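Please look through the sequence and the model below. The paragraphs that follow move from one loop to the next and end at a strand.

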Amino acid sequence: MNKHLKQGEVSSQVSSWFPSSNFVTTGSTITPYGLQLRQTLLSTGTVRIPNGINWVYAIAVGAGGTGTFQAGSGAGGVSWGWTLATSSCVVGAGAVNLGGYTRYGSIIAGGGLSTAGAPTLGGGGCGGSFPNFGNNGGYSGATNYYGIPGGPGGSSSGSGIPGNSGAGGGGGGGSSTAGINGGNGGNGISGGGGGPSTASGSQTNIGGNGGSGLAGGGGGAGSATTGTRIGGNGGNGINILTGAVTTGGSGSLGTGTNGAGGGGAGIAGNGENASGTTGGAGGLGGGGGGATGAGQGSGGAGGNGLIYLFY
């Protein structure tokens with residue numbers, strides 16, 4: 001419907017415009033209800049809305065978790081819908097443990113997870129990482145703003161079990177078994193982080209890839225081995241405005257060192273490649289940060305959140 005909201009229109013008029021299905025379509029330009037993208041909000045603070053605009057359509061993206069230890073981090077959640085226009089917003093920043101949440105009016109998206117715990121409102125879970133988290137199992141993704149359940153994480157068997165799909169994808173299980181890769185993160189609206197490969201010996205250890213979605217999770221590390229260490233790639237995302245695929249960063253590799261994971265792609269940018277022992281940063285828009293390798297270097301920064309406003 002190519003129609004702007006006018007002052008004096010009541011909620012009963014607006015409620016009939018809610019979508020019957022997800023409006024995100026790959027390969028097409030996103031203009032919900034014929035509205036135009038008017039503002040992209042990248043920092044918390046004051047929002048100026050023109051007089052006469054009572055309702056706006058908002059897309060909120062939470063921040064990805066910043067990588068820590070060997071596990072890949074989960075992507076931030078994504079929420080969308082009509083809300084009353086308001087003069088303030090909160091935009092999440094990437095952070096260790098849990099990325100910051102993003103909120104505009106009644107539309108809220110949670111952050112992605114990077115250490116033991118539980119993400120919120122659609123955020124992706126992180127990969128499992130023994131002994132740093134005391135558990136090889138991946139961590140579950142979160143139920144989102146609309147009640148769509150998150151995906152369970154991969155099991156704690158030490159055999160690199162992949163995470164499961166959900167609103168927030170579950171994190172991949174870590175592998176402590178020679179010759180078995182870390183589990184890939186689960187796909188979802190927001191991808192889960194990849195699990196690391198931490199078996200000792202002289203074999204090649206390969207971290208799991210981050211899960212894909214509108215925003216991708218970070219890749220897990222390859223560590224511990226005296227042989228080749230290869231970090232997993234970050235998961236892919238989708239540019240929500242154009243339908244174009246955004247790509248996760250590549251993991252690094254080396255012998256007895258390196259093996260950090262690539263950053264997950266965001267809604268508005270690609271994930272960065274890992275560099276040496278430093279994980280790749282997540283793309284702007286909530287991609288999960290890449291993991292660190294073998295206790296060396298540092299994890300990649302989680303991608304910050306953002307808000308799109310249409311009216």
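Asparagine 258 is found in the loop between strand E14 (253-255) and strand E15 (306-310); strands (E, at least two residues) and helices (H or I, at least four) are DSSP runs numbered from the N terminus. This is a predicted model, in which local features need pLDDT of at least 70 and side-chain atom pairs count only at pLDDT 80 or more, while totals for chains, interfaces and linings use all residues. Residues are numbered from 1 along each chain as its sequence is written, and side-chain values use heavy atoms, with hydrogens and water left out.

Although asparagine 258 is not a glycine, its phi is positive, at about 60°. Asparagine 258 counts as buried because its relative accessible area is 18%; buried means under 20%, exposed over 50%, and partly exposed in between, with a 1.4 Å probe and protein chains only.

Asparagine 258 is also one of the residues in contact with serine 252, where contact means heavy atoms within 4.5 Å. Serine 252 is found in the loop between strand E13 (245-246) and E14. With a relative accessibility of 7%, serine 252 is buried. Two polar contacts involve the side chain of serine 252 (N or O atoms within 3.5 Å; within protein, one able to donate a hydrogen and the other to accept it, and residues adjacent in sequence counting only if both atoms are side-chain atoms). One reaches the backbone nitrogen of glycine 259 at 3.4 Å, and in the other a polar atom of the side chain lies 2.6 Å from the backbone oxygen of glycine 276. Leaving aside neighbours within four places in sequence, the contacts of serine 252 also include Arg229, Ile230, Gly231, Ala260 and Ala274.

Which loop holds glutamine 203? Glutamine 203 lies between strand E9 (188-190) and strand E10 (205-206). A polar atom of the glutamine 203 side chain lies 3.2 Å from the backbone oxygen of alanine 199. The side chain of asparagine 205 makes a polar contact with the side chain of glutamine 203 at 3.1 Å. Beyond neighbours within four places in sequence, glutamine 203 is in contact with Ala178, Gly179, Thr225, Gly227 and Thr228.

The loop between E7 and E8 holds leucine 121. Leucine 121 is not a glycine, yet its phi is positive, at about 45°. Tyrosine 146 lies in the loop between strand E7 (107-109) and strand E8 (166-168). Leucine 121 is partly exposed, at 31% relative accessibility, and tyrosine 146 is partly exposed at 36%.

How many disulfides does a search of the whole structure find? The search finds zero, a disulfide being a pair of cysteine sulfur atoms within 2.5 Å. Cysteine 89 is buried, at 5% relative accessible area, and cysteine 126 is buried at 0% relative accessibility.

The last stop is arginine 38, in strand E1 (residues 37-41). Arginine 38 is partly exposed, with a relative accessibility of 38%. In sequence, arginine 38 and tyrosine 311 are 273 residues apart, while their C-alpha atoms are 6.6 Å apart in space.
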